[in-house]
Amino acid sequence: MSDAIKHECGIALIRLRKPYQYYIDKYETPLYAVHKLSVMMEKQVNRGQDGAGVANIKIEVPPGKRYISRYRSVEPQPLTDIFSKIHKKFRKGLKNHRDRSMDAKWLQENLAFTGEVWLGHLRYGTHGSNEVENCHPMLRQSNWRSRNLVMAGNFNMTNVDELFGKLVSLGQHPKEKVDTVTVMEKIGHFLDEENQRVFERFKGIYENPTLSDVIEDNIDLQHVLYRSCRDFDGGYAMCGLTGYGASFVIRDPAGIRPAYYYADDEVVVVASEKQAIKAAFNVDYDQITEITPGSALIVDKNGEYNEFPILPRLEKRSCSFERIYFSRGTDPNIYYERKQLGKLLIPQILKEINYDLENTIFSYIPNTAETAFLGMIEGLEEYLAKKRKQAIMEGILFEEDLEKVLSFRPRIEKLVTKDVKSRTFITADALRDDMVSSVYDTTFEVVRKNVDTVVIIDDSIVRGTTLEKSILTMLDRLKPKKIVVASSAPQIRFPDCYGIDMSKMKDFVAFRAVLKLLEERDLEYLLEDVYTRSVTSIATKNPYHTNFVKALYEPFTDEEISQKIAESIRPKDLNAELSVVFQTVENLHKACPDHLGDWYFTGNYPTQGGNKVVNRAFANSYEGKLERAY
């Protein structure tokens with residue numbers, strides 16, 4: 001994607017189902033789980049590079065022995081930093097005890113990170129500064145083992161204010177008003193209440209310390225999660241570890257955020273992406289199960305696991321951006337879907353180049369658009385195959401013409417190369433223009449000057465900044481007659497509020513294009529009307545039912561907005577003609593039929609909180625405020 005954006009975090013959970021000694025004996029190392037978790041996290045590093053964290057819990061160690069371990073890092077290579085520290089801790093702990101390196105009991109009583117339950121997290125921060133305190137896993141501590149809670153997640157809540165108010169009404173005094181803290185404290189509150197309920201039930205029957213074990217064996221995590229999550233509005237896949245060794249992963253009722261698991265006799269593992277599980281455990285994809293939306297995968301203290309319903313399921317609206325861009329493209333389903341997204345653009349592209357394939361070069365913006373590019377070329381080959389068949393059926397009299405028809409191939413070149421491994425979206429705004437102009441390079445002397453059209457495919461166009469400030473200018477130096485930018489995603493018109501850092505309306509080049517169209521056609525009164533409706537709904541605390549911002553797009557066709565986008569991103573000194581074509585929402589659904597989350601394109605939010613966020617985002621834009629809408 002030329003306009004890279006911050007997005008969903010990554011989660012990885014491992015539960016060893018057998019005694020720790022089993023893995024030492026079988027795999028001849030006390031670091032079996034460490035190695036597996038490092039692979040799972042490395043294969044999801046695309047999901048978060050602001051920071052990372054790892055937590056580990058030992059299930060059965062004597063009192064007085066540390067049983068929760070955690071490292072977090074915001075170093076430039078946070079995974080390397082964390083796992084280097086874990087390995088260093090092992091080396092240091094075993095320095096004078098080499099004979100104990102395969103003794104599970106000794107290791108668990110003397111070394112950290114030797115437990116059975118592991119939780120890893122990769123962070124892309126959409127809130128707060130990039131400090132280690134903002135990295136997951138978060139820890140809620142207590143002297144009672146069953147009241148300890150470790151949490152990490154891939155989520156954003158649209159109703160943080162309401163959740164904060166709930167905590168205050170329960171008598172708590174939260175230290176911050178952010179969704180990470182409110183979520184953990186809410187689950188922690190009801191975990192405390194469940195502990196107390198079980199304690200009251202058995203306190204006259206058992207005495208301490210036996211009573212503590214009885215409490216752990218009788219805690220109803222399903223009930224805890226139901227009571228905790230029923231007020232949540234957002235997209236989430238949240239992992240939790242209790243101090244006594246039970247763990248859970250809960251997924252939002254619309255299945256917005258992804259979560260998958262695999263289980264056998266040795267492990268239960270969870271990840272945001274199937275590819276992470278596949279890489280770490282070498283299992284078949286059909287052995288990896290998607291966690292049901294609105295349900296929790298709960299693994300008890302003894303390693304038994306099951307999915308349990310927590311909240312009523314909504315229509316499944318899994319994030320389509322996962323398929324377009326975020327998830328690793330080596331997942332076979334995602335690979336196929338991205339190829340389809342490229343292929344389905346062919347009719348629009350052919351129309352835009354006036355079907356002149358002889359004078360057209362096809363390329364892509366690296367790196368993640370490559371798969372869509374392959375699909376686009378496959379679609380061109382299918383189109384040409386039909387044309388060849390048609391020509392033969394109609395009868396070609398001359399051998400020279402037949403040879404030309406049979407031998408013609410689309411012209412494919414790599415025109416744009418990412419020159420520096422830089423992430424322009426985390427650069428300070430004041431320096432971003434200079435950065436985006438230096439991270440790409442072009443290939444010269446393959447475009448016939450003032451003759452060829454260049455078609456270049458991108459995953460999506462969010463801001464248009466990189467196209468305007470860098471890529472289009474570089475392509476124009478090749479002197480093409482025309483440049484066609486093809487986006488494998490539809491026009492991004494509305495903010496996301498479920499995990500992607502797209503919350504400000506004027507960040508979207510499609511919204512800026514519509515503002516210009518409204519001005520040109522004397523329809524600016526619609527802005528005031530939508531603003532009035534938005535602020536009224538917010539003031540009356542009833543902003544959930546309608547997305548008023550949709551009305552701003554309704555007077556215009558997709559093609560009119562695309563044309564205005566092309567004008568908006570066109571550099572002032574560009575010589576070539578320029579046009580932009582976007583994927584249709586209909587074709588997006590055709591390519592990704594099981595992942596219909598399209599609110600950024602259509603404004604059809606899967607939860608009521610989405611409507612509140614989009615109305616607030618527009619009100620902020622109208623008032624000139626740069627603050628987030630959630």
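Predicted model: local features only at pLDDT ≥ 70, side-chain atom pairs only at ≥ 80, totals over all residues.
Colleague: What makes the radius of gyration of the protein agree with a compact globule?

Modeller: The protein has 630 residues, and a compact globule of that length would have a radius near 25 Å. The value here is 27 Å, which agrees. Along the principal axes, the C-alpha atoms fill a box of roughly 95 × 60 × 45 Å.

Colleague: Why is Asn282 called exposed?

Modeller: Its relative accessible area is 64%. Exposed means over 50%, so Asn282 counts as exposed. Asn282 sits in the loop between helix H9 (274-281) and strand E11 (289-290).

Colleague: Why is Thr557 called partly exposed?

Modeller: Buried means under 20% and exposed means over 50%. Thr557 has 38%, so it is partly exposed. Thr557 lies in the loop between helix H19 (550-553) and helix H20 (558-569).

Colleague: How do you know that the peptide bond between His136 and Pro137 is cis?

Modeller: Omega is about -5° for that cis bond. Pro137 is in the loop between strand E4 (117-123) and strand E5 (138-140). A cis bond also runs from Asn208 to Pro209, with omega near 5°. Pro209 is in the loop between helix H6 (179-202) and helix H7 (210-218). Most peptide bonds are trans.

Colleague: Which residues touch the most other members of the largest nonpolar core?

Modeller: They are Phe321, Val485, Val549, Leu552, Tyr600 and Phe618, in a core of 76 residues. Helix H17 (residues 509-520) gives the most to this core, with 7 residues. A second, separate core has 40 residues, among them Leu37 and Phe83.

Colleague: How much of the protein counts as buried?

Modeller: Of the 630 residues, 57% do. The cut-off is under 20% relative accessible area.

Conventions. Residues numbered from 1 in each chain as written. Heavy atoms only, no water. Rg over C-alpha atoms; globule rule 2.2 N^0.38 Å. Buried < 20%, exposed > 50% of the residue type's maximum accessible area, 1.4 Å probe, protein only. Core = buried A, V, L, I, M, F, W, Y, C linked by side-chain atoms within 4.5 Å. Helix = DSSP H or I, 4+ residues; strand = E, 2+ residues; numbered from the N terminus.
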